[in-house]
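Please keep the structure open while you read.

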Amino acid sequence: MVITTNDSCNTLFSLDADIKNRDPSCPNNVPPDCEYIRTDIYLPVDDSSCSGETPVYLPLTTRVDHYLKKLPQVTNACNELLSVSPRVFNKHSKERIVYVGQGEVAHSRNSQCDVLVSDRATTCHILAFRSKLNGNDPLTSLTHVDGTSYESCIRAMVGEHLRHHQSNSNQGRQSEGKNVPKKKIDFEIHVMGGFDDADSSSLKISAWLMGLLVRIANEQKESLRMILKTCAISAMNDNGNECPIGRGLGVDLHSGEVFLAKVEEEVAGPEVCLRSVRLWSSSAESRQLSLIHSSHVNEITIFPFRFEAFEYIKQLLKLPDEVLIQYTSTSPDVEETGFCASIRGCMQYLMEQQCEDVFGPAVNKPLVYQRAGRSNSWTRRR
């Protein structure tokens with residue numbers, strides 16, 4: 001993962017809420033001496049459940065990943081995900097994919113594409129939402145986060161799902177001429193990423209992300225039924241040797257299935273290098289998740305941002321790979337082959353290109369690409 005932030009946060013789950021004592025509704029897997037909170041996120045109902053939905057209880061005094069490993073439903077889904085080899089997408093793949101890079105976010109309906117996918121995550125986390133309501137088209141979102149500074153962006157993702165279903169439901173009620181009772185939106189959460197790294201970079205993101213999801217679930221509990229379908233974070237995604245098992249996650253927009261994934265650059269969409277260059281930009285836009293695809297228009301958009309070659313870039317390019325990776329990754333010991341080549345490509349782009357030449361003299365013209373038929377090729381529209 002490219003170093004882009006210098007965030008810090010506690011590695012324990014934290015939430016501004018009352019600490020509750022143990023009560024009869026607390027599941028048996030919560031230790032008697034553990035301070036915990038009941039959340040408005042639920043575990044999926046399985047065949048062994050006799051009492052319906054079970055709320056997730058999260059501890060305040062122990063690591064969130066260690067605790068979640070004790071929940072059978074979470075562990076079973078995690079093991080099921082991580083036990084299958086990644087599905088590889090390349091030029092021979094028939095599925096229409098939208099690839100989401102680090103620092104990007106995408107929303108899509110299944111009429112627009114077949115798979116939302118991201119990969120190359122080490123300490124980064126890949127987060128996916130899928131929501132359903134009555135006869136509305138399901139909406140799926142996916143993002144790839146590298147730090148803890150994206151709260152407003154994650155909230156905006158959730159807001160997109162609320163607007164999608166509220167708009168469609170209002171139209172349906174008006175066309176039927178009925179006062180149909182408002183129903184909660186089924187909102188599935190899938191999150192994968194990180195490993196048990198020595199400096200806890202992964203765990204900081206895991207704890208922050210789970211805390212944020214809990215707050216959102218509490219705020220939106222009248223509208224959303226949030227279900228933790230898949231969770232493979234930090235130590236849960238570690239192979240026992242301080243190395244991540246899953247690095248890429250895909251979501252099938254038709255079935256809702258999630259799976260490990262790897263994407264070859266030839267089908268990763270337009271301007272992969274330029275999109276990665278955003279991670280090196282110091283502009284305000286680069287500190288937000290960049291929306292590349294929406295459920296309203298079946299296009300990939302690269303919104304403008306300012307960039308320029310930085311001091312010492314030539315010196316960095318002269319470094320051998322084994323040294324360069326130490327300066328440019330939060331997890332240099334576990335990066336995939338090709339990491340340094342990608343970094344060098346970004347730095348060369350910064351040296352050879354001007355943002356005014358890419359996004360216009362005022363740096364205000366987005367690049368818009370349209371899918372060519374049902375392929376994974378994209379053509380420039382404007």
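## Confidence and ground rules

This is a predicted model, in which local features need pLDDT of at least 70, side-chain atom pairs count only at pLDDT 80 or more, and totals for chains, interfaces and linings use all residues. Residues are numbered from 1 along each chain as its sequence is written, and side-chain values use heavy atoms, with hydrogens and water left out.

The predictor's confidence in each residue is its pLDDT, on a scale from 0 to 100. The protein chain has a mean pLDDT of 89, with 85% of its residues at 70 or more. Where pLDDT is low, the predicted coordinates should not be read in detail.

## Helix H8 and its cover

Helices (H or I, at least four residues) and strands (E, at least two) are DSSP runs, numbered from the N terminus.

Which residues of H8 are buried? They are Phe-339, Cys-340, Ile-343, Arg-344, Cys-346, Met-347, Tyr-349 and Leu-350. Here, buried means under 20% relative accessible area, exposed over 50%, and partly exposed in between (1.4 Å probe, protein chains only). The cover over these buried residues includes helices H5 (272–277), H6 (313–318), H7 (321–328) and H9 (355–359).

## Aromatic pairs

Rings of Phe, Tyr and Trp (its six-membered ring) pair if their centres lie within 6.5 Å; planes under 30 degrees apart count as stacked, over 60 as edge-to-face and the rest as tilted. Searching the whole structure gives 7 aromatic pairs. In one of them, the ring centres of Phe-89 and Phe-259 are 6.2 Å apart with planes at 40°, so the pair is tilted. Phe-89 belongs to strand S3 (residues 87–89) and Phe-259 to strand S12 (residues 258–263), so the pair ties together parts 170 residues apart in sequence. Both Phe-89 and Phe-259 are buried.

Another pair is Trp-280 with Phe-310: the centres are 5.4 Å apart and the planes at 0°, so this pair is stacked. Phe-310 is partly exposed, at 26% relative accessibility. Elsewhere, Phe-305, Phe-307, Tyr-349 and Phe-359 form one aromatic cluster.

## Salt bridges

A salt bridge is a side-chain nitrogen of Lys or Arg within 4 Å of a carboxyl oxygen of Asp or Glu. The whole structure holds 17 salt bridges. One of them joins the side chains of Glu-188 and Lys-132 (3.5 Å, N to O). Glu-188 sits in strand S9 (residues 185–193) and Lys-132 in strand S7 (residues 125–132), so the pair ties together parts 56 residues apart in sequence. Glu-188 is buried at 10% relative accessible area, whereas Lys-132 is partly exposed at 32%.

Glu-299 and Arg-381 also meet in a salt bridge (2.5 Å, N to O). Glu-299 lies in strand S14 and Arg-381 in the segment after strand S16 (378–380), so this pair ties together parts 82 residues apart in sequence. Glu-299 counts as buried at 10% relative accessibility, and Arg-381 as partly exposed at 44%. Finally, salt bridges that share partners join Glu-151, Arg-155, Arg-215 and Glu-219 into one network.

Methods:
Contact means heavy atoms within 4.5 Å.
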